[in-house]
Amino acid sequence: REARGVPLAEVDEQRKPCPLRGQVPDERALQDWLQALRTEGVQPLQWGLEQDGKVLRFDLVMQP
C-alpha cells in the first residue's frame, strides 16, 4: 500500500485519528510528504522517526 509514493506498512482506517506506519529514504522525503498531506486537508497530529539501515521508518497519527 502506498500514499503519494510513500510505502505504508500499516494503516488503521477504522480508528480516528488514523494511525499509520511506513518508510521513507530520508527525513526530507517525510517532510515533503507531510506538507503534501497538509495541502490536501489532512492534519498530521504526531509522528516519529526511527533509523533502520538505509531507510527511516515512521509512525504517524493523522486526522483526515
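Trainee: How many salt bridges does a search of the whole structure find?
Mentor: The search finds three salt bridges, each being a side-chain nitrogen of Lys or Arg within 4 Å of a carboxyl oxygen of Asp or Glu. This is a predicted model, in which local features need pLDDT of at least 70 and side-chain atom pairs count only at pLDDT 80 or more, while totals for chains, interfaces and linings use all residues. Residues are numbered from 1 along each chain as its sequence is written, and side-chain values use heavy atoms, with hydrogens and water left out.

Trainee: Which side chain meets Asp59 in a salt bridge?
Mentor: That of Arg21, with an N to O distance of 2.5 Å. The pair links distant parts of the chain, as Asp59 is in strand S5 and Arg21 in strand S3 (residues 18-24), 38 residues apart. Helices (H or I, at least four residues) and strands (E, at least two) are DSSP runs, numbered from the N terminus.

Trainee: And how accessible are Asp59 and Arg21?
Mentor: Asp59 has 38% relative accessibility and counts as partly exposed; Arg21, at 39%, is also partly exposed. The classes are buried, under 20% relative accessible area, exposed, over 50%, and partly exposed in between (1.4 Å probe, protein chains only).

Trainee: Which residue forms a salt bridge with Arg57?
Mentor: Asp52 does, the closest N and O atoms being 2.5 Å apart. Arg57 is partly exposed at 36%, and Asp52 is partly exposed at 33%. The side chain of Arg57 also makes a polar contact with the side chain of Gln23 at 2.9 Å. Such a contact is a pair of N or O atoms within 3.5 Å; within protein, one must be able to donate a hydrogen and the other to accept it, and residues adjacent in sequence count only if both atoms are side-chain atoms. Gln23 lies in strand S3 and is partly exposed, with a relative accessible area of 28%.

Trainee: How do S4 and S5 run, parallel or antiparallel?
Mentor: Strand S4 (residues 43-52) and S5 run antiparallel, joined by nine bridges; two strands pair if DSSP finds at least two bridges between them. They form a hairpin with two residues between them, and Gly53 in the turn has a positive phi of about 65 degrees. Asp52 has Val55 of S5 as its bridge partner, and Trp47 has Leu60 of S5.

Trainee: What about S3 and S5, how many bridges there?
Mentor: S3 and S5 pair over seven bridges, in the antiparallel sense. The bridge partner of Gly22 in S5 is Phe58.

Trainee: Which residues make up the covered face of S5?
Mentor: Leu56, Phe58, Leu60 and Met62. The uncovered face of S5 holds Val55, Arg57, Asp59, Val61 and Gln63.

Trainee: Changing topic, how many aromatic pairs does the structure hold?
Mentor: It holds one aromatic pair. Trp33 and Phe58 form this tilted pair, 5.3 Å centre to centre with 50 degrees between the planes. It links distant parts of the chain, with Trp33 in helix H1 (residues 27-39) and Phe58 in strand S5 (residues 55-63), 25 residues apart. Rings of Phe, Tyr and Trp (its six-membered ring) pair if their centres lie within 6.5 Å; planes under 30 degrees apart count as stacked, over 60 as edge-to-face and the rest as tilted.

Trainee: Are Trp33 and Phe58 buried or exposed?
Mentor: Both Trp33 and Phe58 are buried. In H1, the buried residues are Leu30, Trp33, Leu34, Ala36 and Leu37. Seen down the axis of H1, its buried residues fall within an arc of 160 degrees, so they line one face of the helix. The arc is that of the directions from the helix axis to the C-beta atoms.

Trainee: Which residues are exposed on the other side of H1?
Mentor: Arg28 and Thr39 are exposed there; Arg28 has 54% relative accessibility. The side chain of Arg28 meets that of Asp32 in a salt bridge (3.5 Å, N to O). Both residues lie in H1, four residues apart, about one turn of the helix. Asp32 is partly exposed, at 40%.

Trainee: What happens at the start of H1, and what follows the helix?
Mentor: At the start, a side-chain oxygen of Asp26 reaches to within 3.2 Å of the backbone nitrogen of Arg28. H1 is followed by Gly41, whose phi is positive, near 95 degrees.

Trainee: How far apart are the end C-alpha atoms of H1?
Mentor: They are 19 Å apart, which agrees with the 18 Å that the 13 residues of H1 should span at 1.5 Å a residue. The expected span is 1.5 Å times one less than the number of residues.
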